[in-house]
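Subject: Structure handover

Hello,

Please find the structure below. My notes on what was found in it follow after that.

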Amino acid sequence: MRENDKCLVAGAMLFVAFLSGCAAPSGVTSVSAGGAGRREYHVSPKGDDSNDGSQSKTLKTISAAALKAQPGDVITVHEGVYRERITPPRGGEADSRRIIYQAATGEKVEIKGSEIVKGWARVGNDTWKVTLANDFFKGFNPYSDLIHGDWFNSHRREHHSGAVYLNGTWLTEAPGQDDVMKPAGENPLWYGKVDTNSTTIWAQFKSVNPNEQLVEINARRAVFYPDKPGINYLTIRGFTMRHAATQWAPPTAEQIGLIGTHWSRGWIIEDNVISHSLCVGVALGKYGDEFDNKSADTAEGYVLTIERALKNGWSKDNIGHHIVRNNDISYCEQAGVVGSLGAVFSTITGNTIHEIHMRRMFGGAEMAGIKIHGAIDVEISRNHIFRTVMGIWLDWMAQGTRVTRNLLHDNDHQDIFVEVDHGPFMVDNNILLSGMGLLDMSRGGAYAHNLFAGSTRIQSDGRKTPFLKAHSTEVAGLHNCPSGDSRFYNNLFAGGSGLGVYDGAKLPVFMGGNIFLRGAKPCKSEGAPLVKPDFDAGVKLVEKAGGAYFDVTLDAAWATEQVRKLVTTELLGRAKIPDLPFERPDGTPLNIDTDYFGFPRKLDNPFPGPFESPASGKQTLKLWPVVDKGIAGVR
């Protein structure tokens, strides 16, 4: 039973107490906790949009059901492929009166922003072409839509939001028509040209006839995205959603993803497969206005964006509080999850995020598995993030943020990047295995019980960025960001640079209980570090059927060679600039008293790193999927 789905069925009437987004039994109309009637609409490929949406008279499109659904209603979609953009016209009224969009239990439901294209004619070598009337695209043509925006780097060529897919794999846009006329190489190409009446697409199909294969092309900006802000309390569950012609999503413009919340509150996006978006998979971000993409060259561009957002309802009452959990997000060329200001007070947990910005067709300043501006009281937990350009990027106003129990590896630049934040924010019980574990361009961060296999880097920044009142979007002031005011307790450095880089920090740093292996260096600020230069932990991650497994060698004697303190709100003190404690979003004290697996930690002398009370010697641990094994769980 889901945390937000608690159904009580009683008596012959199958009375359903609709507490928090529960789907009624198939075909049953129930009564919500508030007393109003609730309806379940059914959708199937064999339906008709003139039907009433009952189980025996299903609708044909999800969009038709969306027009009918009212707060408290459920839309159940049955197996099939739906080629449409869902633009929900309304949301729910509260967490207990949300509108639910769900795939029928045990049925595969695909929603695609693409259309199948036949009629390809061979023009030479491996190249085929097709010409389509422009009205095929119904007002939005991705092949004339240039990707652009603040901090976008085109690498001196044009990129469009269109795409061509052969049997589910996307081809690469060619710089020019001459390139696509050559024999196909390792990465087949496509090229498009739009004139007044028609769109012509050339594509390389090596050794296959595209008319005998599944060839699809992008036809829609998004798959699930409202066309106006304030569509609150929606649940989107259990779908496979692919193929979106998304535009570049900087923090200073409207952020449209394959699926996106559009400046709303209280969405639950769970148990979906989300893939092949030209820019962004899941967008929790900003609304659009006349200032979109006009701030990259101004010193105070994002500060002014924040000021306008405050006037446009950016507050704890109106925005954020989303849950993004247990999704598989991949093949997005900007970010798996992005959110400028709109992700506040949200939870991003249990997701697998991979193959993000791997084609390197264009660049910019917004690429990561998870990229959040303004991660106020955001929890990022138990995610598996790998083969991305960068794992987690917290940019501006990470305050009250907690990054806990994540597994990150094989990320190109670094696993975690914190940029011009003033804290307090907490990073604990993570396993960071990429070449660089942390790029710290912030202050006010606390790092506890992490395993770092790669290097650490620090950097100061002279920009003046906001700090906030506690657990609020209200700006308390602006300050620059010299390095330091960081805390490292009870971490395991299995190699890399360690913490010696903090000897050059401009502000005081606070260290204790860390252990340094294979040449990793302690910071001079740590009074009695445990240094084992000849110890090789032999860290190795192996992905195989059933999950990700970790080989590591540990020594149980480390528990007695150094006495460590439990990491608590009291131990961490207060972040300097906001003068605020490290605490939970509800203002209660924070105690790092469980490990990566959820096992309780020893309160008097916790073990260093993410695993409490390990055995000595080489061991193999299943790191993903993460299952809570302890009683206390994550605090």
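A residue is called buried when its relative accessible area is under 20%, exposed when that area is over 50%, and partly exposed in between. Please keep in mind that the model is predicted.

Salt bridges

K469 has a relative accessible area of 41%, so this residue is partly exposed. E474 is also at 41% relative accessibility and therefore counts as partly exposed. K469 and E474 form a salt bridge, with 3.0 Å between the closest N and O atoms. Elsewhere, R83, E110, K112, E216 and R242 belong to one network, joined by salt bridges that share partners.

As background, side chains of opposite charge can pair when their charged atoms come close. In this model, the count of salt bridges comes to 26.

One of them is between the side chains of R402 and D428, at 2.8 Å from N to O. This pair links distant parts of the chain, as R402 and D428 are 26 residues apart. R402 is in strand 36, which covers residues 402–404, and D428 is in strand 39, which covers residues 425–428. R402 and D428 are both buried.

Another salt bridge brings together the side chains of R463 and D461, at 3.0 Å from N to O. Are these two residues buried or partly exposed? R463 has a relative accessible area of 34%, so R463 is partly exposed. D461 has a relative accessible area of 15%, which is under the 20% cut-off, so D461 is buried.

Backbone details

Where are the cis peptide bonds that I noted? One runs from G423 to P424, with omega near 0°. Another cis peptide bond runs from W624 to P625, and its omega is near -5°. P625 is in the segment that follows strand 56 (617–624).

D271 is not a glycine, yet its phi is positive, at about 60°. D271 is placed in the loop between strand 23 (268–270) and strand 24 (273–277). With a relative accessible area of 27%, D271 is partly exposed. W396, likewise a residue other than glycine, has a positive phi near 65°. The relative accessible area of W396 is 8%, so W396 is buried.

Strand pairing

How do strand 16 and strand 17 run, parallel or antiparallel? Strand 16 (residues 172–173) and strand 17 (residues 189–194) run parallel and are joined by two bridges. T172 has L189 in strand 17 as its bridge partner.

Strand 17 also pairs with strand 18 (residues 198–204), this time in the antiparallel sense, over five bridges. V194 stands opposite T199, which is in strand 18. How many residues does the hairpin use to join strand 17 to strand 18? The hairpin passes through three residues.

Regards

Terms used:
Residues are numbered from 1 along each chain as its sequence is written. This is a predicted model: local features need pLDDT of at least 70, side-chain atom pairs count only at pLDDT 80 or more; totals for chains, interfaces and linings use all residues. Side-chain values use heavy atoms; hydrogens and water are left out. A salt bridge is a side-chain nitrogen of Lys or Arg within 4 Å of a carboxyl oxygen of Asp or Glu. Helices (H or I, at least four residues) and strands (E, at least two) are DSSP runs, numbered from the N terminus. Buried means under 20% relative accessible area, exposed over 50%, partly exposed in between (1.4 Å probe, protein chains only). Two strands pair if DSSP finds at least two bridges between them.
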